[in-house]
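Subject: Handover of a structure and its findings

Dear colleague,

Please find below the structure that I am handing over to you.

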Amino acid sequence: MVRNFFRIAACALAAVVTVSGTGITANAVGANSVLPSGGVDIAITKGAKLENITTNIQTDAIAEAMIQEEQAIEEPSEEDIFRNLVIAQVNDYVNVRSIPSEEGDIIGKLYDDSVGTFISEENGWYQIQSGSVTGYVKGEYCVTGEDAVALAREVGTRIAKVTTTTLKVRTEPSLEASVLGLVPIDDELVVSEETEGWVEVDIEEGIGWVSADYVELYTEFVEAESKEEEEARLAKEKAEREKARAAAAAKVAQTQSSASNTTTYTVTGDSEMGRAVAEYALQFVGNPYVYGGTSLTNGADCSGFVMSVYANFGVSLPHSSAADRNQGYAVDGLANAQPGDLICYSGHVGIYIGDGQIVHASSAKTGIKVSKADYKKILAVRRIF
C-alpha cells in the first residue's frame, strides 16, 4: 500500500506587512512647514515636491487598507478544513477517474482511509484533488462534509516534528518537571494531547510532554497515488529490493554461522535474508542503549541499532526512526510481517524477528531487548528485501 502523506498544519493565511507606527515621517532639514493630512503628520524635507508627498500619502493609505483587509481574513479552523475533505471508505482503494463516469480513464487510486480535497459534485461523483491527482471518485465509496469531520480525527495522525537538535521530553508540562527521554531533530512523534504551550507525545520511555516551541504540529493523512506514481514507485522498490538482496547475499552464510544468541527466541518466516538479519540482530540483546549511538556492542539508539544491523548486510539505512518509515516498501500490517521487517512507532523503530516479536534498542534503562511487536501502536511496517 502506498504511503503518500498529506499534512494539514495550523498556519496563518494572511500576509503580514510591517509598518512603524500609523504614519509616515520624513525628518525636515531647514524647514518648519507641516501639512495636516488626515491625521498623518508629515514633516516636509527641503526641496521635496508636493506631488511626491501626495504619492507617498496615497501609497501609505493603500498599504494601510491592505493591512486591515488582510488582518480581517480569518484562518480556517481545523473543523472547516476537515469538512472539505473526501475520505475513502473501502476495503482496499477506490479508482480516481478522468471524468465522472465508470467509462473514465483510471488516473489514480484513493486508498482506504486516504483523503482528498473536495472540489465539486456531479451525478454522485466527487471531484477531488489529492497529491498530484485531480479527478473523480464515486461518492458512495467516500464521505465528506459533516461526516468527514469526526472520521478525519480517526484516520488522521496528529504529529509533532522535532525542530531542535535534542528535544527534552518531560514527565509533566513544565520546565521544572524531570526529563523522561531525549528525541533528536526531525523525529516525528504521535501527539495524544495539546495544551497551551505544551504537547503530550508518545516516546519509547512512555507518554511525556514537550514544549510547543520546539515542534512543528500537523495532521498527517494518506493521499492518492497517480497511475504514473504507482508504476514509478513499484519500479524503484523492485530495484532497491534487488540491490539490497544482492548486497546481503554474500553475508547470509557468514552471518548465520556466527549467530550465537538465538536459542531463546524463535525466528520464523519465509525470507532467508530476513531471518539472517533477525538472527544477527539478536546477538546484541543485553547490550546498552546510548542516545545517538550506532555501536552494536558499546551502545546504540533505536535507529542506530537498525542502521548498524543492516549495514552488516551492505544495506544503508538512515539514522532516523522517522525516515525509516519511508524505507523499502510498505507491508500491510503486522499479520503480514516477515523477520527483518522494520516495525515503526512514534519516535521508535525495531526489527521484526517473527512470532509477534521485535528486537530493538529500547531505552537507557532496558538496553537492547526483545519485546512484543504490538506493545504500542504501530505506524508502519517496512520491508527492505
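A salt bridge is taken here as a side-chain nitrogen of Lys or Arg within 4 Å of a carboxyl oxygen of Asp or Glu. By that criterion, the side chains of Glu225 and Arg233 form a salt bridge, with an N to O distance of 2.6 Å.

Basis of the values

This is a predicted model, in which local features need a pLDDT of at least 70 and side-chain atom pairs count only at pLDDT 80 or more, while totals for chains, interfaces and linings use all residues. Residues are numbered from 1 along each chain as its sequence is written, and side-chain values use heavy atoms, with hydrogens and water left out.

The average pLDDT (the predictor's confidence in each residue, from 0 to 100) is 83 for the protein, and 77% of the residues score at least 70. Over residues 10-57 the pLDDT is below 50, and this stretch has 40 contacts in the model beyond near neighbours in sequence. Contact means heavy atoms within 4.5 Å.

Overall composition

The protein contains 7 helices and 26 strands. Helices (H or I, at least four residues) and strands (E, at least two) are DSSP runs, numbered from the N terminus. Of the 385 residues, 43% are buried; buried means under 20% relative accessible area, exposed over 50%, and partly exposed in between, with a 1.4 Å probe and protein chains only. Among contacts between residues at least 6 apart in sequence, 60% join residues at least 24 apart.

Salt bridges

The whole structure holds 15 salt bridges. One of these joins the side chains of Glu146 and Arg83 at 2.6 Å, N to O. Glu146 belongs to helix α3 (residues 146-155) and Arg83 to helix α2 (residues 78-83), so that distant parts of the chain, 63 residues apart, are linked. Glu146 is exposed, at a relative accessible area of 54%, whereas Arg83 is partly exposed at 25%.

A further salt bridge, of 2.7 Å from N to O, connects the side chains of Glu102 and Lys138. Glu102 is in the loop between β5 (93-97) and β6 (106-111) and Lys138 is in strand β9 (residues 133-138), so this pair ties together parts that lie 36 residues apart in sequence. Glu102 is partly exposed, with a relative accessibility of 49%. Through shared partners, salt bridges also join Glu79, Asp80, Arg83 and Glu146 into one network.

Glu225 is buried, at 2% relative accessibility.

A nonpolar core is a set of buried Ala, Val, Leu, Ile, Met, Phe, Trp, Tyr and Cys residues joined through side-chain atoms within 4.5 Å. The largest such core has 35 residues, of which Phe305, Tyr310 and Val359 touch the most other members. Elements that each supply at least two residues of this core include α4 (227-258), α6 (302-311) and β24 (357-363). Helix α5 gives the most, with 7 residues.

Leaving aside neighbours within four places in sequence, the contacts of Phe305 include Ala281, Phe284, Leu296, Ile351, Val359 and Ile368. In α5, 9 of the 11 residues are buried, so this helix is largely enclosed by the rest of the structure. Among the buried residues of α5 are Met273, Val277, Glu279, Tyr280 and Leu282.

In helix α3, the buried residues are Ala148, Val149, Leu151, Ala152 and Val155. The buried residues of α3 pack against α2, β4 (85-88), β10 (142-143), β11 (157-162) and β17 (215-222).

Sheet

Two strands pair if DSSP finds at least two bridges between them. Antiparallel strands β24 and β25 are joined by 6 bridges, and His360 has Lys369 in β25 as a bridge partner.

Backbone

Most residues other than glycine have a negative phi. Asp113 has a positive phi of about 70° although it is not a glycine; Asp113 is in the loop between β6 and β7 (115-122). Asn123 also has a positive phi, of about 55°, and lies in the loop between β7 and β8 (125-130). Asp113 is partly exposed at 31% relative accessible area, and Asn123 is exposed at 71%.

Yours sincerely
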